[in-house]
Amino acid sequence: MLLLTLFTALSVSTPADSVPKAFSLLPLPLVYYTPETRLAYGVAPTFTFRFKRDMAALRADSAATVRPSQVTLGAAYTQNKQLLFYVPFQLFYDRDKYYINGEAGYYKYSYFFFGVGQREVPRELYAVNFPRIRVNAFRQIAASAIPVGKLYAGVRYQYEDYQVTTVEPDGLLATGTVPGGLGSKLAGAGLGLFYDSRNQIFFPTKGLVADVAFLNQSRVWGSNVRFDRYSADVSSYHALSKHAILALNYFVSFTKGVAPFNAMSLLGGTKRMRGYYEGRFRDQNAALIQSEVRFDIYKRLGGVVFGGVGILGDDASILRPSDPKAAYGAGLRFTINRLDHLNIRVDYGFGQQSSGFYLTLGEAF
């Protein structure tokens, strides 16, 4: 895959990016090419901001904790007449007392399917149309009992109408034996705990962040499938020297019931196991550990080396440690906002008979 993205940074506030800003804009015009889309092009401007109430608190007390919020408006169109609209967001309000994150989007797209669990197949191209909404809303709790970091509790909601429009006639998806292979509707709600002691949100140099979730998919919420998902995503950050950081990420996802293939636990993509196509490996359960050493090179330029190992499982074998998937790679970082240390990320990862190039905004974990 060839991916070329042109980045230009523009701040709409007058101070330099080494001081707090109420609002800044990073325009991201993009052009990329993949076999399933051919040429694609679009825009993905990213807005970083702090609410008026929080800016007032920051001006009154320079030591106040006021983390930046971020919203991206993404849109792309391809030569194969595919459309992507997506709005990922994370919002902090009232000196981080409230935290909301998620995504809203609509996708008319094509993906590769490689099978489920240990039933692998040569890649099959299939097309889907689906709207997606994911919202996690948290409020800080036990503030006086947590001396370091902040603990949040909240609710989660997910909706996705996954309409499979075309499959390969002789492929596994066409047989109808793959759960959700001909389409599914997900609608679920659940609970979550979120703990955060990072010193920075975009590029932490110390601290820990943990997201523990329970999500129920059932007809009560409007879903046409029934399963429960339990997951935990934990990352920690450790200074190795003044110019080097070790980042560790642990992820587990377990399913009770039968999830459709598009909602299974996945390995691959820009965040988990770079070097594999997203969804190259999928099953009811998954666990992985990955690490990354981040280091300075020169001024705003930095580098990373990374690696990870993941395993999958199902009802018969909760996890299969005898069948690990490994990936590794390296990359470069360029800091476009020095105050919040927001980076452009360029990575190249290698897996087992697989590789991938990644160009995006922000760290993998």
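Colleague: How many salt bridges does the structure hold?
Modeller: A salt bridge is a side-chain nitrogen of Lys or Arg within 4 Å of a carboxyl oxygen of Asp or Glu. Bear in mind that this is a predicted model, where local features need pLDDT of at least 70, side-chain atom pairs count only at pLDDT 80 or more, and totals for chains, interfaces and linings use all residues. Residues are numbered from 1 along each chain as its sequence is written, and side-chain values use heavy atoms, with hydrogens and water left out. The number of salt bridges in the structure is 23.

Colleague: Take Asp-96 and Lys-150: how many residues apart are they?
Modeller: Their side chains meet in a salt bridge at 3.6 Å, N to O. Asp-96 is in the loop between β8 and β9, and Lys-150 is in strand β11 (helices, H or I of at least four residues, and strands, E of at least two, are DSSP runs numbered from the N terminus). The pair links distant parts of the chain, and the separation is 54 residues.

Colleague: And are those two, Asp-96 and Lys-150, buried or exposed?
Modeller: Here you need the cut-offs: buried means under 20% relative accessible area, exposed over 50%, and partly exposed in between, with a 1.4 Å probe and protein chains only. By that rule, both Asp-96 and Lys-150 are buried.

Colleague: Which strand holds Asp-211, the partner of Arg-156?
Modeller: The side chains of Arg-156 and Asp-211 form a salt bridge of 2.3 Å, N to O. Arg-156 sits in strand β11, so the pair ties together parts 55 residues apart in sequence, and the strand of Asp-211, residues 207-217, is β13.

Colleague: How far away is the nearest side chain of opposite charge from Arg-229?
Modeller: Lys and Arg count as positive and Asp and Glu as negative, while His and the chain ends are not counted. Arg-229 lies in strand β14, and it is buried yet has no salt bridge. The nearest side chain of opposite charge belongs to Asp-228, at 9.3 Å.

Colleague: Which backbone oxygen does the side chain of Arg-229 reach?
Modeller: Look at polar contacts: pairs of N or O atoms within 3.5 Å, where, within protein, one must be able to donate a hydrogen and the other to accept it, and residues adjacent in sequence count only if both atoms are side-chain atoms. One of 2.9 Å joins the side chains of Arg-229 and Thr-255. The backbone oxygen reached by Arg-229, at 2.8 Å, is that of Ala-263.

Colleague: Lys-325 makes a polar contact with which side chain?
Modeller: Lys-325 is in strand β20, residues 325-337, and counts as buried because its relative accessible area is 7%. Leaving aside neighbours within four places in sequence, its contacts (heavy atoms within 4.5 Å) include Glu-120, Met-273 and Tyr-276. The side chain in polar contact with Lys-325, at 3.2 Å, is Asp-323.

Colleague: How many residues does the largest nonpolar core have?
Modeller: A nonpolar core is a set of buried Ala, Val, Leu, Ile, Met, Phe, Trp, Tyr and Cys residues joined through side-chain atoms within 4.5 Å. In the largest one, Phe-113, Tyr-126, Tyr-162, Val-178 and Phe-261 have the most contacts inside it, and its residue count is 42.

Colleague: Within what arc do the buried residues of α1 fall?
Modeller: Helix α1 covers residues 52-60, and its buried residues are Asp-54, Met-55, Ala-57 and Leu-58. They line one face of the helix, because, seen down the axis of α1, they fall within an arc (taken from the directions from the helix axis to the C-beta atoms) of 160 degrees.

Colleague: And which residues are exposed on the other side of α1?
Modeller: What covers the buried residues of α1 includes β8. The exposed residues on the other side are Lys-52, Arg-59 and Ala-60.
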